[in-house]
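User: I would like to learn how to read strand pairing, helix packing and pockets in a model. Please take me through these topics.

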Amino acid sequence: MTTLKPIFKHTGFSSEKEHRIYLMEGEAETAAKLMQDMINESNTDNHVLFKNISRNITNLATKLQVRKNDKLHGVFKDGIRSYYALDLKEIWNDSLIPEIILGPRCFQNKRELKSFMKQCNLNRTKIEVSQIPIR
């Protein structure tokens, strides 16, 4: 798809190998349009290639529900925030999330998290508490 970027936290946490999936709003639409523009500017040999790339980007963004019009809003403890409810049902399993490490300032109840993981069919996902102290 477009640029799904893993973003790491502070280097002191690198041993946890945490990844964040970061997708800028409108990035899928921008990439698909770029491919459409390249169709108009390219020789005829590349038209099919760019058309397929554009269609695949659009289809994947639609399937994952990360298009601009898929953005949702919710009321959270600290105010209203926007978010995308990713559709991960085709890849959802224990391998997707093998381990969860709760940060030093995390207030999540471990028992409740285990119950939630069980409800989500992530029974083999390990839950640990970070050993890295807060500075």
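User: Which residue in β4 does V75 stand opposite?

Analyst: The model is a predicted one. In a regular strand, side chains alternate between the two faces of the sheet. In this case, V75 stands opposite I80 in β4, and L72 has Y83 of β4 as its bridge partner.

User: How many bridges join strand β3 to strand β4?

Analyst: Strand β3 (residues 72-76) and strand β4 (residues 79-83) run antiparallel and are joined by five bridges. The two strands form a hairpin, with two residues between them.

User: At what angle do helix α1 and helix α2 pack?

Analyst: Angles over 145 degrees count as roughly antiparallel. Helix α1 (residues 27-41) packs against helix α2 (residues 47-64) at about 165 degrees, and their axes are 8 Å apart. Therefore α1 and α2 are roughly antiparallel to each other. Their crossing is left-handed.

User: What is the volume of the second largest pocket, and which residues line it?

Analyst: Rolling a probe the size of a water molecule over the atoms shows where empty space is left. Here, the second largest pocket has a volume of about 230 Å³. Its lining consists of W92, I97, I100, Q108, L113, F116 and M117.

User: Which helix gives the most to that lining, and how many residues fall in each class?

Analyst: Helix α3 (residues 110-119) gives the most, with three residues. By class, the lining of this pocket has six nonpolar residues, one polar residue and no charged residues.

Terms used:
Residues numbered from 1 in each chain as written. Predicted model: local features only at pLDDT ≥ 70, side-chain atom pairs only at ≥ 80, totals over all residues. Heavy atoms only, no water. 1 Å grid on protein atoms, 1.4 Å probe; cavity = no way out; pocket = protein on both sides within 12 Å on 5 of 7 lines; lining within 4 Å. Points joined across faces, edges and corners; volume = space filled by probe spheres on them. Helix = DSSP H or I, 4+ residues; strand = E, 2+ residues; numbered from the N terminus. Nonpolar A, V, L, I, M, F, W, Y, C, P; charged D, E, K, R; others polar. Pairing = 2+ DSSP bridges. Axes fitted to C-alpha atoms, helices over the stretch in contact; angles between N-to-C directions. Parallel < 35°, antiparallel > 145°, perpendicular 65-115°, else oblique. Left-handed = near helix turned anticlockwise from the far one by under 90°.
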